[in-house]
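Here is a short tour of a protein and DNA assembly, written to be read alongside the model. Please keep the viewer open as you go.

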Protein chains: 2
Amino acid sequence: MKIDHDSPADYSAQIASAIRDSIVEGRLIVDERLPSEAELSEQFEVSRPTVREALKRLAAQSLIRTQRGATGGAFVNRLSYEAAQAQQITTSTLLLSMNAVSFETACEARFTLERACAPLSAQRRSADHLASMRAEIHRQGQPGLTDEAFCASDVAFHRALVDGAGNPVLSYQLAGAVEAMQPLMNMITFTARDRARIIALHESIADALEAAEAEKTAAALTALEAETQALARDVFAARAAKP
Amino acid sequence: MKIDHDSPADYSAQIASAIRDSIVEGRLIVDERLPSEAELSEQFEVSRPTVREALKRLAAQSLIRTQRGATGGAFVNRLSYEAAQAQQITTSTLLLSMNAVSFETACEARFTLERACAPLSAQRRSADHLASMRAEIHRQGQPGLTDEAFCASDVAFHRALVDGAGNPVLSYQLAGAVEAMQPLMNMITFTARDRARIIALHESIADALEAAEAEKTAAALTALEAETQALARDVFAARAAKP
DNA sequence: GCCAATCTAATGTCAGACAATTAGATTTCC
DNA sequence: GGAAATCTAATTGTCTGACATTAGATTGGC
């Protein structure tokens, strides 16, 4: 492993790339220990701080973890579903907030993906998932709930729906889509009547899943999407009218 | 912005978190310039190398970019769809390769998500998307194509299908699901007969999209999923039988 | 007024040092 | 002889101070 000392790119970026490739392509396996920083700096013919910057880049992506002490060092990290989801959510949230993505587009994407889970979830959801969903529905009906808390509960409800599909890869993929919508949803003010309609739709979703009816679940999700889109249109129209 | 000098966590990690939060929560907006490294090291009361490690962590997530020169510095980066997709793909690929995810689970997730795109894609796909799909189908029929190239073309075909839905958020979300399957697909050896069956299904998908028939598209995708799963089962069974 | 040389502020890199942490080896005491 | 305490070595985390490199801003000459 060498780097190009004539390349315009930073050494630390090159080194990080080289190591990342080794991991992705399997030359470095999970839990394997990388050479110490001193050894790496010799191998790549750069100073230790430069190597360290490269390692920090990899640590930021959860590709490695570091440990201090005698038998310490940098180890190839097993990327857990948890860590991957967290990254997904951060990336998705930023993508939406920084690119003036319309509420409509994001909402469409989210509900399209959720509808995809409906058949699997109707077939496989456990009693636990149903219980979670019912609990969130109950919470959503509590008086005095802030809009933010209402949205958070909405997200929890939908994540239970997705998890019900019993496919961890699917859960991971959808985490970003569901969670990243929350900041957008938080821009909406929900009247009591709005909440009642949403809760009713949540109930019909939970009922359909309990009855293992995929079609009805998908239909209810479509209705909820329409409701959400209409709500957002009204809010944004009102805001545009009198700023 | 201060850090906790008594915390067990690395300073550089704390600093990176503090700045990341500022970006996510909108206190730092796109293209805004961060204080110089020297100023940051004063603010946080740490040395410059420590600040630099923190900045490299953020750069690894494409949250900031740095520029040298007199008016240089670190700037909040607009997270582009491209960069976000690239991250998504890396994360998804690693997640699958490191967690012994079964072919079955990954394949199910991928096709479930793709089926979700079928209605939108049938409605909105442009001539360009159809042309891309036809071109990939043609390539897949070429004799002498390696298995790897066949898989790559398969991925390109499916990405065209997803892009046809005309929702960039959806395209971004699915990029990971589609691309991360490639290494798993590459473990399969495709006989001429296998390829012919897959190509026929690709053609029926393209036909259905051209005719704007959402149901048929979804059905063809389901058939392709069944075909792929069967193929994988055979390959893995044969490999288990005589290692 | 325009162009080239210079200035300047910022990041990129280096060298060397010390502190903190931790596992394992060694020693000491019972 | 065994267990607890201590020591040692390896490694990461951090600091200081310096120099190199880059690219915009400034200034001077014509």
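## Around the DNA and between the chains

By class, the surface near DNA strand C is made up of four nonpolar, 10 polar and 10 charged residues. Before going further, please bear in mind that this is a predicted model.

Let us stay with DNA strand C for a moment. Its surroundings comprise 24 residues, and the closest are A:Tyr11, A:Thr50, A:Ala70, B:Arg48 and B:Arg68. Which part of the strand faces the protein?

Some individual atom pairs are worth a look here. A:Gly69 brings a backbone N or O atom to 3.4 Å from a base oxygen of DNA strand C. A:Ala70 also uses a backbone N or O atom, which lies 2.8 Å from a base oxygen of DNA strand C. On the phosphate side, a polar side-chain atom of B:Lys56 sits 3.1 Å from a phosphate oxygen of DNA strand C. Two or more residues of the surface near DNA strand C come from each of α3 of chain A, α3 (48-60) of chain B and β1 (64-67) of chain B. Of the elements, α3(B) gives the most to this surface, with three residues.

Now turn to DNA strand D. Of the atoms of DNA strand D that come within 4 Å of the protein, 68% are accounted for by sugar and phosphate. By class, the surface near DNA strand D has five nonpolar, nine polar and nine charged residues. At least two residues each are supplied to that surface by α3 of chain A, β1 (64-67) of chain A and α3 of chain B.

| Protein atom | Atom of DNA strand D | Distance |
|---|---|---|
| Polar side-chain atom of A:Arg33 | Phosphate oxygen of DNA strand D | 3.4 Å |
| Polar backbone atom of A:Glu37 | Phosphate oxygen of DNA strand D | 3.1 Å |
| N or O atom in the side chain of A:Arg48 | Base nitrogen of DNA strand D | 2.8 Å |

The contact takes in 51 residues from chain A and 51 residues from chain B. Between them, the two chains bury about 4400 Å², with 63% of that area on carbon and sulfur atoms. The count of residue pairs in polar contact between chain A and chain B is 15. On the side of chain A that touches chain B, two or more residues are given by each of α1 (11-24), α3 (48-60), α4 (81-98), α5 (103-124) and α8 (168-179) of chain A. Which element gives the most? That is α4(A), with 11 residues. By class, the residues on this side of chain A divide into 27 nonpolar, 15 polar and nine charged.

Four of them are found across the interface of chain A and chain B. In one, the side chains of A:Glu53 and B:Arg52 meet at 2.6 Å, N to O. Over all chains, the count comes to 34 salt bridges. A:Glu53 lies in helix α3 of chain A and B:Arg52 in helix α3 of chain B, so this pair joins two chains.

Finally, step back to view chain A as a whole. Its secondary structure comes to 11 helices and two strands. Along the sequence, the pattern of chain A runs α-α-α-β-β-α-α-α-α-α-α-α-α. Why is chain A described as more spread out than a compact globule? Its radius of gyration is 23 Å, well over the 18 Å that the globule rule gives for 243 residues, so chain A is more spread out than a compact globule. Taken along the principal axes, the C-alpha atoms of chain A fill a box of roughly 65 × 45 × 30 Å.

Note on methods
Residues are numbered from 1 along each chain as its sequence is written. Chains are lettered from A and ligands numbered from 1 in the order in which they are written. This is a predicted model: local features need pLDDT of at least 70, side-chain atom pairs count only at pLDDT 80 or more; totals for chains, interfaces and linings use all residues. Side-chain values use heavy atoms; hydrogens and water are left out. Contact means heavy atoms within 4.5 Å. Buried area is the accessible area (1.4 Å probe) that two parts lose on being put together, summed over both. A salt bridge is a side-chain nitrogen of Lys or Arg within 4 Å of a carboxyl oxygen of Asp or Glu. A polar contact is a pair of N or O atoms within 3.5 Å; within protein, one must be able to donate a hydrogen and the other to accept it, and residues adjacent in sequence count only if both atoms are side-chain atoms. Helices (H or I, at least four residues) and strands (E, at least two) are DSSP runs, numbered from the N terminus. Ala, Val, Leu, Ile, Met, Phe, Trp, Tyr, Cys and Pro count as nonpolar, Asp, Glu, Lys and Arg as charged, and the others, Gly among them, as polar. A residue is near a molecule or strand if one of its heavy atoms lies within 4 Å of it. The radius of gyration is taken over C-alpha atoms; the globule rule is 2.2 Å times the number of residues to the power 0.38.
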